[in-house]
Amino acid sequence: MDKLKMHSPDFIEENIAKLAALFPGCVTETSDENGKLKKAIDFDLLRQELSTSIVEGPQERYQLNWPGKREALLTANAPIAKTLRPCREESVDFDTTKNLFIEGDNLDVLKLLQENYLGKVKMIFIDPPYNRGEDLLYKDNFAEDAGDFLFRTNQIDEEGNKLIANTEANGRFHSDWLSNIYMRLKLSINLLNNDGVIFISIGDDEFHNLKNVCNEVFGEGNCLGTILWKKKTNGNNMGYIPPVHDFILCYAKNANEDCLLGFPLSQKFIAANYANLDNDPKGPWTTSDLSANHEGPLFEIINPNTGKKYWPAKGRYWVFNEVEVKKRIEDGRIIFGKTGQAGPVQKKYLRERESKRMKPESWWDSHGLNSDGTVEVAALFTPKIFDHPKPVTLLKKIIDISTKDNDLILDYFAGSGSTAHAVLAQNFADGAHRRFIVVQYPEKSEKKSKVFERYHLKTIADLCKERIRRAGKKIKEENPTTVSELDIGFRVLKVDTSNMIDVYYTPDAIKQEELNFNIDNIKEDRISEDLLFQVLLDWGVDLTLPITKETIEEREVFFVDGNALAACFEKDGKITEGFCKELAGRQPLRVVFRDAGFKDDSVKINVEQIFKLMSPHTDVKTI
């Protein structure tokens, strides 16, 4: 009977199997024997992707580099022995919600979610530190090899601090920031689906570096554009040219027409682009060119009003053949300008427009300001409790142009919870059922300590959870008859050390005389539901699947998503052949037991045979 591995994936081994498609950053530029630039594979960087140690390469090439980059790549690829523990008391609608709030270091979370949400996220929005000299960065440790990462459970200093100030006095001012964002983006791309997109908000400080990093991670051809978002009405005389905007970079996993849905057509857009000058019964129309630059028919078209002959411009061809052009002229679908005196153009009717949406443009000056974000939070908390939150108005627009019903949205720099709030608001606005995963580290806020105490909050993560609770409650209270299907809940999961004691990972380190103390391989402070979620992580299933609990022959059994998974973590010999026969009769797709729960070795051996006979399709494992 196989055991679950109970730790995050080893990305180095996975990368070996994925070479060609997953490493756009390994494509670089070099010079040929004639000095001309050409594309080439950066084998040094490729070796780094597949190595458990730092690889140095002397070859000169065009690339983005900084002190600590290879260490950051090593850190991103290294596995961790951590888990996610459920917290029912801080959750809302734990048993039914499809949303997740995860508390912990977002690098750990991104690693833990790799199997569960591989290729399942439609949109990621992040608002990372802007690197203005006072921002906090994660204190990621680059100095250990992959083996050390597996056993190390905390990345904190002697005082327990996880976050460090990235001050201007630090000689690696840009390098620390680059390493932090690089690791997280490397893991993000795996979670996006084929049409998935990521939006990253940033200021002037690191815009150029961020764009270069994104070009390396996602590929330059997958840049969908940059939004200039007007965030305030004046720059408060900051700098030589006071800034009133932020940048929002947008990249796709695979750039295509389905990545962005665009904005719904506004009445302003329709009025500016469509009219019905001739009272056409088909409704408002606009005109478009009758020629294209791909090869097609060539012939003269005569304006029946003037007798003038027209040909396509050089290098272009008519989009219809001669018979079809004649028919469309008779039907009024091809006209000769709005006055009838010009060359041929075709009518395009609003009602026949394939897309009822329009592409977003790069300048956003009417999609909410920072001050709006302050007002939105103030509507939930008084006095002001968070500085410069992203406005829900802005995030609703981003959600609207990039997602549809049932899509999954991720924000791993959740802050005060604007993204989760916006998902709830947009779902209410259009009746969709989008889901969110938001991640926030339990960062303490000394500046806001008194305000936090008023609401019994200790950390930014506590604020984020409380904001989501209040936002959902407010929507329901204000719309009691129209929100019956709106999911305003979220499951709270917290990053913690593995449920397994150290001997599970380091059997050679245990001494003979200590064996009696390690009969059970589970830590004493862990409950059955903790073990269940580590099994869900290890098996790579959705962490929001419905969970029910039943008692079978006086044993506690969890059933996940009906019969998809059955789990019994009873110990002290409570797993008997009779109980296993009863469970096998349910024919679950998967079943997992606690290794220390079997009555004896013969029962453990016979369990596999019982399931082979009674439920041969069931995958049986132990922890």
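Predicted model: local features only at pLDDT ≥ 70, side-chain atom pairs only at ≥ 80, totals over all residues.

Start by selecting Ser418, in helix 12 (residues 418-430). Is Ser418 buried or exposed? Its relative accessibility is 6%, so Ser418 counts as buried.

Now for the charged pairs. The salt bridge count comes to 32. Pick Glu529 and Arg88, whose side chains meet with N to O at 3.1 Å. Glu529 sits in helix 15 (residues 528-539), while Arg88 is in the loop between strand 4 (82-86) and strand 5 (100-103), 441 residues apart. Glu529 is buried at 11% relative accessibility, and Arg88 is partly exposed at 36%.

Jump to Asp278 and Lys347, a salt bridge with its closest N and O atoms 2.6 Å apart. Here Asp278 lies in the loop between helix 8 (267-273) and strand 13 (285-288), and Lys347 in strand 19 (residues 345-349), 69 residues apart. Color by accessibility: Asp278 is partly exposed at 42%, Lys347 buried at 4%.

Next, select Glu556 and Lys549, with closest N and O atoms 3.4 Å apart in their salt bridge. Glu556 is partly exposed at 26%, and Lys549 is exposed at 54%.

For the last stop, which residues are linked in a network of salt bridges? Select Arg85, Asp496, Asp525, Arg526 and Asp530 together, and there it is.

Technical notes:
Residues numbered from 1 in each chain as written. Heavy atoms only, no water. Helix = DSSP H or I, 4+ residues; strand = E, 2+ residues; numbered from the N terminus. Buried < 20%, exposed > 50% of the residue type's maximum accessible area, 1.4 Å probe, protein only. Salt bridge = Lys/Arg side-chain N within 4 Å of Asp/Glu carboxyl O.
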